Amino acid sequence: MIAHKDDIRLSEQLLPQVLLPGFLDEPILLTRTKDHQLRCLSNVCTHRGNILIDHHCTQSQMRCRYHGKRFKWDGTFVAMPEFSGVEDFPAERDHLPKVPFGDWHEEFLFAAIQPSVPLSEFLKGMTTRLS
């Protein structure tokens, strides 16, 4: 479990999390777009590996503080200073990787880097016991 939906309910809100702290320690980022779509992305810049967002906030753009690389709320690369016109740039690897995620009872958000089963199957026993 990475968050409750109430933790990220506003448009253009960003919520950095660490997936499995002390074990996997994977920096991930929940985003809420202007049209209120939830996204879960890697929170690591694809240029130099800098953490993009270090605190829960609402802001108009997602920008790396290291070299100024900018991303859309869905993780798509937008721009990088001094790189306009560079051959083969941007490439698919310049976008932030998406992290598979889902919700339980439309409230609790869960994520996994490489899920081995669908979330509904993973939570099936708990759902049965708590229904």
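Modeller: This is a predicted model. Take Thr31: leaving aside its neighbours within four places in sequence, Thr31 is in contact with Ile8, Gln13, Leu14, Gln37, Leu38, Arg39, Leu41, Met62 and Trp73.

Colleague: Which element is Thr31 found in?

Modeller: Strand S3, which covers residues 26–32.

Colleague: And is Thr31 buried or exposed?

Modeller: Thr31 has a relative accessible area of 0%. Buried means under 20%, so Thr31 counts as buried.

Colleague: What does the side chain of Thr31 reach?

Modeller: The backbone oxygen of Trp73, at 2.9 Å. Trp73 is also one of the residues on the contact list of Thr31.

Colleague: Switching to the whole chain. How many helices and strands?

Modeller: There are two helices and 10 strands. Starting at the N terminus, the order is β-β-β-β-β-β-β-β-β-β-α-α.

Colleague: What does the C-alpha trace span?

Modeller: About 55 × 30 × 25 Å along the principal axes.

Colleague: How much of the chain is buried?

Modeller: Of the 131 residues, 34% are buried. Thr31, at 0% relative accessible area, is among the buried ones.

Colleague: What about contacts between residues at least 6 apart in sequence?

Modeller: Of those, 42% join residues at least 24 apart.

Colleague: Last one, charges. How many positive and negative side chains?

Modeller: The chain has 15 positive and 17 negative side chains, with the centres of the two sets 2 Å apart.

Technical notes: Residues are numbered from 1 along each chain as its sequence is written. This is a predicted model: local features need pLDDT of at least 70, side-chain atom pairs count only at pLDDT 80 or more; totals for chains, interfaces and linings use all residues. Side-chain values use heavy atoms; hydrogens and water are left out. Helices (H or I, at least four residues) and strands (E, at least two) are DSSP runs, numbered from the N terminus. Buried means under 20% relative accessible area, exposed over 50%, partly exposed in between (1.4 Å probe, protein chains only). A polar contact is a pair of N or O atoms within 3.5 Å; within protein, one must be able to donate a hydrogen and the other to accept it, and residues adjacent in sequence count only if both atoms are side-chain atoms. Contact means heavy atoms within 4.5 Å. Lys and Arg count as positive and Asp and Glu as negative; His and the chain ends are not counted. The place of a charge is taken as NZ of Lys, CZ of Arg, CG of Asp or CD of Glu.
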